[in-house]
Amino acid sequence: VEGCASQVWLVPDLRQENGDDRLFFEGDSDAMIVRGLIAVLIALISGRTIAEIRAMDIRSELARLHLEQALSAQRSNGLRAMMTRIEDIAQAASAA
């Protein structure tokens with residue numbers, strides 16, 4: 001994921017389940033804190049339909065957890081970059 005200070009990998013897996021296209025994600029990082037952030041993001045979005053992910057306001061969902069208040073500016077920027085990457089993946093999947 002570009003925009004992250006740490007190395008971050010998000011791997012999408014598009015699957016058809018019950019007639020719906022669903023995106024599943026796996027992710028990893030070389031930084032422990034970032035691995036935790038990836039786990040939170042994946043718990044929030046993985047397994048949802050493309051339409052659900054595109055309609056979701058991921059930033060608002062994460063804001064309820066008050067994560068950004070506990071993160072450095074650099075980590076917050078990385079988290080936003082991960083959210084943007086997920087949104088880009090969902091948009092590309094809906095166009096395919």
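This is a predicted model: local features need pLDDT of at least 70, side-chain atom pairs count only at pLDDT 80 or more; totals for chains, interfaces and linings use all residues.
Which element supplies the largest share of the lining of the largest cavity? Residues are numbered from 1 along each chain as its sequence is written, and side-chain values use heavy atoms, with hydrogens and water left out.

**View 1. The hairpin of β1 and β2.** Here strand β1 (residues 8-17) pairs with strand β2 (residues 20-29) in the antiparallel sense, over 10 bridges. Strands are DSSP runs of E with at least two residues, helices are runs of H or I with at least four, and both are numbered from the N terminus. Two strands count as paired if DSSP finds at least two bridges between them. Follow V8 across to β2 and you meet its bridge partner, S29. Two residues lie between the strands of this hairpin, and N18 takes a positive phi near 50°.

**View 2. β2 meets β3.** Strand β3 (residues 48-49) runs antiparallel to β2, and two bridges join them. For R22, the bridge partner in β3 is T49.

**View 3. A salt bridge from R22 to E52.** The closest N and O atoms of this pair are 4.0 Å apart. Because E52 lies in helix α2 (residues 50-55) and R22 in strand β2, the pair ties together parts that are 30 residues apart in sequence. The count comes to six salt bridges, each being a side-chain nitrogen of Lys or Arg within 4 Å of a carboxyl oxygen of Asp or Glu.

**View 4. R15 over the face of F24.** R15 lies 4.0 Å from the ring centre of F24. A charge sits over a ring if NZ of Lys or CZ of Arg is within 6 Å of the ring centre and within 35 degrees of the ring normal.

**View 5. The largest cavity.** About 70 Å³ of space lies here, and a search of the whole structure finds one cavity of 30 Å³ or more. A cavity is a set of points on a 1 Å grid over the protein atoms alone where a 1.4 Å probe fits but cannot get out, and lining residues have an atom within 4 Å of a point. Now for the opening question: α4 gives the largest share of the lining, five residues. Both α1 (32-45) and α4 (73-95) supply at least two residues each. Among the lining residues are C4, V8, L37, R75 and M82.

Technical notes:
On a 1 Å grid over the protein atoms alone, a cavity is a set of points where a 1.4 Å probe fits but cannot get out, and a pocket is an open set with protein on both sides within 12 Å along at least five of seven lines; lining residues have an atom within 4 Å of a point. Grid points are joined across faces, edges and corners, and a volume is the space filled by probe spheres set on the points.
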